[in-house]
Amino acid sequence: AAERAAGWRPGGWQVSHFHPSDRQLYVLMHQGRDWTHKNSGTEVWQFDATTGRRVQRIRLRETSQSVAVSPDADPLVYVITDSERIDAYRVATGKLLYSTKPLGFTPQLLTVWGD
């Protein structure tokens, strides 16, 4: 309730991604008001889809518009940043692993191998 009151809400272009083997949902979140659902996310929130509880928050280096998660046992979260890069974070630690050079043409959709 406190986070809702603080204006936390989903936003971006590709807002969420589901990791089926461990039933985890990853959602791009930002602080905003009504009708900011297209605003890029500043964090990725991980939810346990079985219990509905949030497991962790991953703070993003840069605002991002799309999210995807690798399907393996030690998943990575990938985001497309507003500067047209793909950043990869390790889910277990929430740490940034790498960032690509700008891709250009404002990519919006992410697909990961095995998805």
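Q: How many aromatic pairs does the structure hold?
A: Two. Keep in mind that this is a predicted model.

Q: What's the geometry of Trp8 and Trp45?
A: Tilted. The ring centres sit 5.3 Å apart, with 40 degrees between the planes.

Q: Where in the chain do those two come from?
A: From distant parts. Trp8 is in strand E1, residues 8–10, and Trp45 is in strand E4, residues 41–48.

Q: Is Trp45 buried or exposed?
A: Buried, with a relative accessible area of 4%.

Q: And Trp8, buried or exposed?
A: Trp8 is at 14% relative accessibility, so it counts as buried. The cut-off for buried is under 20%.

Q: What about Trp45 and Phe47, how are those rings set?
A: Their centres are 6.3 Å apart and the planes meet at 55 degrees, so this pair is tilted.

Q: Why does 55 degrees count as tilted?
A: Because stacked needs planes under 30 degrees apart and edge-to-face needs over 60; the rest are tilted.

Q: Which residues make up the aromatic cluster?
A: Trp8, Trp45 and Phe47 form one cluster.

Q: Which residue lies over the face of Trp45?
A: Arg54, at 4.6 Å from the ring centre.

Q: And over Trp8?
A: Arg57 lies over that face, at 4.9 Å from the ring centre of Trp8.

Q: New topic. What's in the largest nonpolar core?
A: Eleven residues. Among them are Tyr26, Leu28, Val44, Ile58, Leu60 and Tyr89. Several valines are in there too, including Val67, Val77 and Val91.

Q: Which elements give two or more residues to this core?
A: Strands E3 (24–31), E5 (54–69) and E6 (76–81).

Q: Which one gives the most?
A: E5, with four residues.

Q: What does the second core include?
A: That one is separate and has eight residues. Leu76, Ile80, Ile86 and Leu110 are among them.

Q: Why would nonpolar side chains group like that?
A: In soluble globular proteins, they tend to be buried together.

Q: Switching to pockets. What volume does the largest one have?
A: About 150 Å³.

Q: Which residues line the largest pocket?
A: Ala1, Glu3, Arg4, Trp8, Pro10, Met29 and Trp45.

Q: How does the lining split by class?
A: Five nonpolar residues, two charged and no polar ones.

Terms used: Residues numbered from 1 in each chain as written. Predicted model: local features only at pLDDT ≥ 70, side-chain atom pairs only at ≥ 80, totals over all residues. Heavy atoms only, no water. Phe/Tyr/Trp six-rings, centres within 6.5 Å; stacked < 30°, edge-to-face > 60°. Buried < 20%, exposed > 50% of the residue type's maximum accessible area, 1.4 Å probe, protein only. Lys NZ or Arg CZ within 6 Å of the ring centre and 35° of its normal. Core = buried A, V, L, I, M, F, W, Y, C linked by side-chain atoms within 4.5 Å. 1 Å grid on protein atoms, 1.4 Å probe; cavity = no way out; pocket = protein on both sides within 12 Å on 5 of 7 lines; lining within 4 Å. Points joined across faces, edges and corners; volume = space filled by probe spheres on them. Nonpolar A, V, L, I, M, F, W, Y, C, P; charged D, E, K, R; others polar.
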